[in-house]
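Work through the exercises below with the sequence and the model side by side. Try each task before reading its solution.

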Amino acid sequence: MLTEERQQRILTELDRCGVVKLRDLVTLLDASESTVRRDLAELEEAGRLRRVHGGAQRRGLADEPGVSEKAFAHAAAKAAIAQVASTYVKAGMQVFLDAGTSTAQVIPLLAGRDVTVVTSGVDNAKLLADTGLTAIMLGGRIKPTTLAIVGAEAVTTLQRYRFDLAILGTNGIDENGATTPDPEEAATKRLAIARADHALILADASKFGQRSFAQFAELPQAQLITESIAALPAQYRPLPNLKEAQP
């Protein structure tokens, strides 16, 4: 059985049961324990499930990995995507930078540029300051899992600004648009796009075909940047707003 077939069987079983045991998957797939463990690791990295002791459980729509979990996933792809995103930032711009590990990769590439950056990310605010950029952090409640600033105060603060460019991350992109698990975080992203002249959504290939709970953008609203158009599901390849990063 091919890797893709095994992993699809695992996901189908998770959809049916919610939780699967490693030993049951070994029997179901007629594969070695080491092979199934590797499949589970790859699916967890892609955000499709959560490994637990003795097996795996389905990742719910509102179940979001934390910053430390995201930081090491698809690192090379994120670096290539950030390199392309940084070329959109010109001197004198006012930029909104979303919270997240993908957007964080852009910050070191902006060193020495005459730009002002407003961010909703606690980690990103520190990195911006360390890089010597003019930075403003939104006020509001800090979300523990992603260290994003959310809530009514964040939205109120964001309404004071206009941006030349908004740079955002996403948890998933499907045919309906870009999504994130938290409605409050989605509200901040949605407003940032509305307040910007142009918007970029940074998404490695694992995000395509995925859907989270709260939509924040329809596909025509932003330039999508990914590391490999060829690696995307076929329905996304004809999108006119797709740009491929070259590592």
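**Exercise 1.** Decide whether Lys189 counts as buried or exposed.

*Solution.* Step 1: recall the cut-offs, where buried means under 20% relative accessible area, exposed means over 50%, and partly exposed lies in between (1.4 Å probe, protein chains only). Step 2: Lys189 has 3% relative accessibility, so Lys189 counts as buried. Step 3: place Lys189 in the chain; Lys189 lies in helix α9. Helices (H or I, at least four residues) and strands (E, at least two) are DSSP runs, numbered from the N terminus. Step 4: list the contacts (heavy atoms within 4.5 Å). Not counting residues up to four places away in sequence, Lys189 touches Asp98, Leu168, Gly169, Thr180 and Phe216.

This is a predicted model, in which local features need pLDDT of at least 70 and side-chain atom pairs count only at pLDDT 80 or more, while totals for chains, interfaces and linings use all residues. Residues are numbered from 1 along each chain as its sequence is written, and side-chain values use heavy atoms, with hydrogens and water left out.

**Exercise 2.** Find the strand order of the seven-stranded open sheet, and name its edge strands.

*Solution.* Step 1: two strands pair if DSSP finds at least two bridges between them. Step 2: the order is β6-β5-β4-β9-β12-β14-β15, and the pairing is parallel. Step 3: β6 (134-137) and β15 (242-244) are the edge strands, each pairing on one side only. The twist from one strand to the next averages 25°. Step 4: take one pair as an example. β5 (residues 116-119) is joined to β6 in the parallel sense by four bridges, and Val118 has Ile136 in β6 as its bridge partner.

**Exercise 3.** Which strands does helix α7 lie across, and which does helix α9 lie across?

*Solution.* Step 1: axes are lines fitted to C-alpha atoms, for helices over the stretch in contact, and angles run from 0 to 180 degrees between N-to-C directions. Step 2: α7 (residues 122-131) lies across β4 (94-97), β5 and β6, and runs at about 160° to β5. Step 3: α9 (residues 183-194) lies across β4, β9 (163-169) and β12 (196-202), at about 150° to β9.

**Exercise 4.** Describe the open sheet of three strands, and explain why one side of each edge strand is left without a neighbour.

*Solution.* Step 1: the order is β10-β11-β13, with antiparallel pairing. Step 2: β10 (172-174) and β13 are at the edges and have a single partner strand each, so one side of each has no neighbour in the sheet. Step 3: β10 and β11 (residues 177-180) pair over three bridges in the antiparallel sense; in β11, Ala178 is the bridge partner of Ile173. Step 4: α9 packs on this sheet, touching β11 and β13, and its direction makes about 10° with that of β13.

**Exercise 5.** How many residues has the largest nonpolar core, and which element gives the most to this core?

*Solution.* Step 1: a nonpolar core is a set of buried Ala, Val, Leu, Ile, Met, Phe, Trp, Tyr and Cys residues joined through side-chain atoms within 4.5 Å. Step 2: the largest has 32 residues, and Phe96, Ile173, Ile201, Phe208 and Leu224 have the most contacts inside it. Step 3: α8 (152-158), β9, α9, β12 and β13 (214-217) give two or more residues to this core. With four residues, α9 gives the most. Step 4: a second, separate core has 22 residues, including Met93, Val115, Val117 and Leu200.
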